[in-house]
Amino acid sequence: MLFILCLLFCTSLFSQEDVLAKDYFNKGDFEKALYEYKRLYAQSPLNINYINQLVSTHQQLEQYNEAEEFLLSVINRINYPAFFVELGYNYQLKNDLENANLFYQKAINSLDNNVNNAFSVARSFQNHTLLNETITVYEKAMVLKPELNFKFQLAKIYGEQGNVEKMFVSYIEFAEKNPVALNNIKRFINDFISENSANENNILFKKILLKKSQQQPNLLWNEMLSWLFIQQKDFKKAFIQEKAIFNRQPESLSRIEELASIAANENADEIAKEIYTFLIETAQDLETQLHAHYSLLQLETKASTPDDYEAINHTYLALFKEFGMFPQTLKLQISYAHFLAFYKDEAQTAIEFLENTLELPLTEFEKGEVKLELGDVLVLQEKFNKALIYYTQIQRNLKNSTLSQEARYKVAKTSYYKGDFKWAESQLKILKASTSQLIANDALDLKLLITDNKYEDSLQTALRLYAKADLLEFQNKNDTAISTLNTILENHKTEPIIAQALFKQAQLFEKKAEFENAKANYELIIANYRGGILVDDAYYKLAHIYERYLNEPEKAKALYEQIIFNHADSIYFVEARKKYRALRGDAIN
């Protein structure tokens, strides 16, 4: 072992000195590479890297006899069984399979004397894509020394061979012994499963986990089943697994909270409501209960009609009666004010409520959150100057915070609503460097919208109309916003803002579940603005409509394909590729 460590040390020590030789080798100038490696080897005859590269260079020059002679001399001098693999491979290149297999077996047999040879021997086999021999080495090593665990390495090899079942089993067995590696294993397995629960690999992986669970109960199997179901967006089944984990380990509800959040983000509202209800009934700590109540109310409000508003209002008041009006319920209080203003059309009541909230013993950051909502309610009322005062206070009192950056963005957006495009641009320019990627992206989008359209018309009529439609959307007046955008589409047909107006209108149609109208707008963008910045957005949104709402997967697949092959720089590229392969029914991503 000491000798091998010495060899490895030498390899590391001289790794920077073979740059020229590597460069010659990579360029295919093997004669010069051979000269350089011979020189380096003469200086460092224990350097494994130089020995292997000398052999490879001889082989590239088809100097197999020279490589053989050199390897035999090295083997006589250095006890390093991986060189048996290199010699065997050299015989294989000479089509002398008898000698090749003889030396491969010598390398494998070396484990009988020293099982630690497995590392270097297996690596040499794998470097030459001799995967069956690599597997033999790892398996033999684990028999000779059971505490060794090469399941992870074996899993990757099985994956290369297309033996998915053995790969899954090896990954799972490695995770069983090394739970700390579970996230990495999930990442590797994710390349072989899809969102489609009927996918052959998904079914196989589930069967293996269920069999393991029956043979030897372990929470790890529940966790991995839950993860699989989440990939398949089958949140109800994932919830069953998470409850099983919680029943055996009731210390924390964090995993179930995370599942609820994932389900809500994926618009699986019914199961998300079920999970939040479970959290409310089960949680012992106030923070978890309040967060579950808050999240449940967000989902109920999102799906509500005016007929539901009184019941939602009653729920808020009942919660305040139960938990009190304290800083601990601040998030609920802000949410209630938003509900009053944006849903019940009681903006003045919301303002008075928030002003009372500001009287509580709040931190400066908590006051900032209340003022941010106050500003939003004032924008709703089109009291822009008063709103700007609150947003500016946040910037002044919480400098360099994410909340301060959000307030600056709202200053820019409010100025944009007012038609003060110059001031809006100046604020947006600063926000392009925001530490919050979401704010930075939103700021860049709005700045581009203003910059691209402010010079087209000296009165900026179309841009002002678009800003008005944006404000109407913020005010939940979606029908009026759609009509305002129609005015742009009818009266400003030659202006560049048309593509933006079509896209904004399509999004509003989607909000109203008018998917045919949304589809028509996206198709117009694709047909008439193929060179514009919104075409990849239109492809993705249209594909989503075909896939999710119109049940036409083939059309969705063709649109995702457009992004993959024609818009590789799109922010939707990765997701489009994933969805395309799932629709195509790929077994491996």
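**Close-up views of a predicted model**

**View 1. Asn-551 sits in the loop between α31 (535-548) and α32 (553-566).** The model is predicted. Phi of Asn-551 is near 55 degrees, a positive value in a residue that is not glycine. Most residues other than glycine have a negative phi. Is Asn-551 buried or exposed? Asn-551 counts as exposed, because its relative accessibility is 64% and the cut-off for exposed is over 50%.

**View 2. Ala-513 lies in the loop between α29 (497-511) and α30 (515-528).** Ala-513 is not a glycine, yet its phi is positive, at about 60 degrees.

**View 3. Helix α8 (residues 118-127) packs with helix α9 (residues 131-144).** Two packed helices are described by the angle between their axes and the distance between the axes. The axes of α8 and α9 come within 8 Å. They cross at roughly 165 degrees. The two helices are therefore roughly antiparallel to each other, since angles over 145 degrees count as such. α8 passes α9 in a left-handed crossing. On the α8 side, the contact involves Ala-118, Val-121, Ala-122, Phe-125 and Gln-126. They meet Leu-131, Glu-133, Thr-134, Val-137, Tyr-138 and Ala-141 of α9. By type, the residues of the contact of α8 with α9 divide into 8 nonpolar, 2 polar and 1 charged.

**View 4. Tyr-171 is placed in helix α11.** Tyr-171 is buried, because its relative accessible area is 2%. Which residues does Tyr-171 touch, not counting those up to four places away in sequence? Tyr-171 touches Phe-152, Ala-155, Lys-156, Ile-185, Phe-188 and Ile-189. Phe-152 is 19 residues from Tyr-171 along the chain. The C-alpha atoms of Tyr-171 and Phe-152 are separated by 5.8 Å.

**View 5. Phe-168 and Phe-205 form a tilted aromatic pair.** A search of the whole structure finds 33 aromatic pairs. A pair of aromatic rings is described by the distance of the centres and the angle of the planes. For Phe-168 and Phe-205, the ring centres are 4.9 Å apart and the planes are at 50 degrees, so the pair is tilted. Phe-168 lies in helix α11 (residues 164-177). Phe-205 lies in helix α13 (residues 200-215). The pair therefore ties together parts that are 37 residues apart in sequence. Phe-168 is buried, with a relative accessible area of 0%. Phe-205 counts as buried at 0% relative accessibility.

**View 6. Phe-320 and Phe-353 form a tilted aromatic pair.** The distance is 5.9 Å centre to centre. The angle between the planes is 40 degrees. Phe-320 lies in helix α19 (residues 309-323) and Phe-353 in helix α21 (residues 347-357), so the pair ties together parts that are 33 residues apart in sequence. Phe-320 counts as buried at 9% relative accessibility. Phe-353 counts as buried at 15%. Which residues form one aromatic cluster with Phe-320 and Phe-353? The cluster also includes Tyr-309, Tyr-316, Tyr-336, Phe-339 and Tyr-343.

**View 7. Helix α22 (residues 364-380) packs with helix α23 (residues 384-397).** The packing angle is about 160 degrees, and the axes are 8 Å apart. α22 and α23 are therefore roughly antiparallel to each other. α22 passes α23 in a left-handed crossing. From α22, the contact involves Glu-364, Gly-368, Lys-371, Leu-372, Leu-374, Gly-375, Asp-376, Leu-378 and Val-379. These meet Phe-384, Lys-386, Ala-387, Tyr-390, Tyr-391, Gln-393, Ile-394 and Asn-397 in α23. The residues of this contact divide into 9 nonpolar, 4 polar and 4 charged.

**View 8. Helix α24 (residues 402-418) and helix α25 (residues 421-431) cross at roughly 155 degrees.** Their axes come within 7 Å. The crossing angle makes α24 roughly antiparallel to α25. α24 passes α25 in a left-handed crossing. Which residues make the contact? In α24 they are Gln-405, Arg-408, Tyr-409, Val-411, Ala-412, Ser-415 and Tyr-416. In α25 they are Phe-421, Trp-423, Ala-424, Gln-427, Leu-428, Ile-430 and Leu-431. The residues of the contact of α24 with α25 divide into 10 nonpolar, 3 polar and 1 charged.

Conventions
Residues numbered from 1 in each chain as written. Predicted model: local features only at pLDDT ≥ 70, side-chain atom pairs only at ≥ 80, totals over all residues. Heavy atoms only, no water. Axes fitted to C-alpha atoms, helices over the stretch in contact; angles between N-to-C directions. Helix = DSSP H or I, 4+ residues; strand = E, 2+ residues; numbered from the N terminus. Parallel < 35°, antiparallel > 145°, perpendicular 65-115°, else oblique. Left-handed = near helix turned anticlockwise from the far one by under 90°. Contact = heavy atoms within 4.5 Å. Nonpolar A, V, L, I, M, F, W, Y, C, P; charged D, E, K, R; others polar. Phe/Tyr/Trp six-rings, centres within 6.5 Å; stacked < 30°, edge-to-face > 60°. Buried < 20%, exposed > 50% of the residue type's maximum accessible area, 1.4 Å probe, protein only.
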